[in-house]
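Please examine the protein shown below.

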Amino acid sequence: ALSAARVRKTFLDFFEREHGHLPVPSSPVRPRGDPSLLFVNAGMNQFKPILLGTADPRSAMASYRRVVNSQKCVRAGGKHNDLDDVGKDVYHHTFFEMMGNWSFGDYFKVPLACAMAWTLLTERYGIAPDRLYVSYFAGDAASGLDADEETRRIWLDVGVPPARLLAFGPKENFWEMGDTGPCGPCTEIHYDGVGGRDAAPMVNAGRPDVLEIWNLVFMQYNRERDGELRPLPCRSVDTGLGLERLLAVLQGKSSNYDTDLFAPLMDAIFQVVGRGVAPYGGRTGAEARVDAAYRVVADHARGGGGAGPRPTGRHARLFRLPVRLVLRRILRRAVRFCAEVLRAPRGTLASLVPYVADSLVRPPPLPPRALVVSEPRVHSRQLCFAHTGRRLPGAPPRSRQGESWRGGAGRGRPTGSG
């Protein structure tokens with residue numbers, strides 16, 4: 001099976017070497033100079049100046065026409081917030097990588113935009129075409145937007161059967177970064193994890209075995225503060241292919257958390273927790289609290305590390321209070337699941353820092369200096385949260401005995417947690 005590093009490299013090489021896209025690095029997840037966002041939640045955030053026609057003409061960005069990258073993203077606040085969904089299923093994350101290709105005033109709604117995505121998935125990655133379904137924008141009368149029949153015709157020309165082309169409304173197929181900003185109709189490629197059936201009714205139905213893996217957005221509007229849609233100076237293409245979801249498909253896993261991005265973290269959690277807790281089993285539902293806790297701790301450890309350190313000097317003012325509160329909430333939630341569900345010993349969360357560093361630093365897009373969340377810093381945070389955090393609903397009663405909960409100086413309070 002392809003490793004995460006190989007999957008990412010295949011994507012970047014395909015667009016750079018075969019289709020003339022310029023590779024650019026991932027931007028920091030805390031956007032600079034953009035008060036509309038707490039975190040970078042999509043690959044296109046750093047390119048907003050181009051989309052809005054406000055890029056400095058002297059900057060390198062002003063010359064971008066075709067671009068490719070793998071952007072680290074955090075969705076834990078604002079319009080796109082997956083924090084409370086992490087753990088409940090096997091595919092939500094607060095921190096993830098979004099691989100994407102862009103066209104700024106170059107190609108738009110032409111066969112090339114869709115054909116590149118189809119070729120990469122079916123020929124380079126070897127995904128069977130009969131496992132794929134495509135959705136497109138059905139229009140929105142309230143906004144005065146017609147159905148995107150042009151995109152439908154393009155997919156038919158690419159070779160997608162009519163029965164696998166599905167129309168959906170603005171909730172599913174009109175992408176917006178936030179309450180304001182660049183937006184437009186989108187077309188999505190969905191993967192059926194079972195095969196040998198008609199999965200069309202299962203698309204966008206919340207099924208874990210039929211998931212959207214690639215979103216192609218045709219950026220042509222700007223959502224103003226008054227809610228109106230106004231045409232952008234130039235029309236662009238913005239696509240997003242989630243590395244974690246694609247990796248699960250290519251490695252034959254039913255869960256993102258079973259891939260080589262997460263398996264070392266899951267093993268490390270089990271080794272640290274020790275007796276009394278089973279290894280991660282990938283279960284979901286009300287009776288799978290332990291497996292949900294594994295997913296929460298693994299994801300939030302990556303989320304806290306991937307968000308990077310607090311800036312200093314002239315960038316310190318950009319580290320706004322809401323950002324700090326969200327990052328603390330991510331860590332606090334991880335600590336609570338460690339302590340109250342996994343019954344983890346002191347230092348569990350801090351002990352995961354090297355595994356997070358390995359998964360984020362060794363391959364792009366993070367340079368080594370971007371991840372400086374130290375074990376002592378995480379350890380001090382978890383001790384603070386262990387004493388002040390609220391308890392989870394249904395958590396087992398605290399005990400003064402056992403490996404995780406000790407009496408003494410703490411007078412019955414937990415002296416250690418995940």
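The dialogue below takes up a pocket, ring pairs and a strand.

Student: What kind of model is this, and how are residues numbered?

Tutor: Residues are numbered from 1 along each chain as its sequence is written, and side-chain values use heavy atoms, without hydrogens and water. Local features need pLDDT of at least 70, side-chain atom pairs count only at pLDDT 80 or more, totals for chains, interfaces and linings use all residues, and the model is predicted.

Student: Which element gives the largest share of the lining of the largest pocket?

Tutor: A pocket is an open set of points on a 1 Å grid over the protein atoms alone, where a 1.4 Å probe fits, with protein on both sides within 12 Å along at least five of seven lines; lining residues have an atom within 4 Å of a point. The largest pocket has 39 lining residues, and Arg-75, His-92, Glu-188, Glu-212 and Arg-245 lie nearest its centre. Among the elements that give two or more residues to this lining are β7 (181-192) and β8 (210-223), strands being DSSP runs (E, at least two residues) and helices likewise (H or I, at least four), numbered from the N terminus. The largest share, six residues, comes from β8.

Student: Why is the pair of Phe-11 and Trp-214 classed as it is?

Tutor: Rings of Phe, Tyr and Trp (its six-membered ring) pair if their centres lie within 6.5 Å; planes under 30 degrees apart count as stacked, over 60 as edge-to-face and the rest as tilted. Phe-11 in helix α1 (residues 4-19) and Trp-214 in strand β8 are 203 residues apart. Their ring centres are 5.8 Å apart and their planes at 50°, so the pair is tilted.

Student: Are Phe-11 and Trp-214 buried or exposed?

Tutor: Buried means under 20% relative accessible area, exposed over 50%, and partly exposed in between (1.4 Å probe, protein chains only). By that rule, Phe-11 and Trp-214 are both buried.

Student: Which residue in β7 is the bridge partner of Tyr-133?

Tutor: Two strands pair if DSSP finds at least two bridges between them. Strand β4 (residues 132-137) has six of its six residues buried, and four bridges join β4 to β7 in an antiparallel arrangement. In β7, the partner of Tyr-133 is His-190.

Student: How far from the centre of the ring of Tyr-133 is the charged end of Arg-164?

Tutor: A charge sits over a ring if NZ of Lys or CZ of Arg is within 6 Å of the ring centre and within 35 degrees of the ring normal. The charged end of Arg-164 sits over the ring of Tyr-133, and its distance from the ring centre is 4.5 Å.
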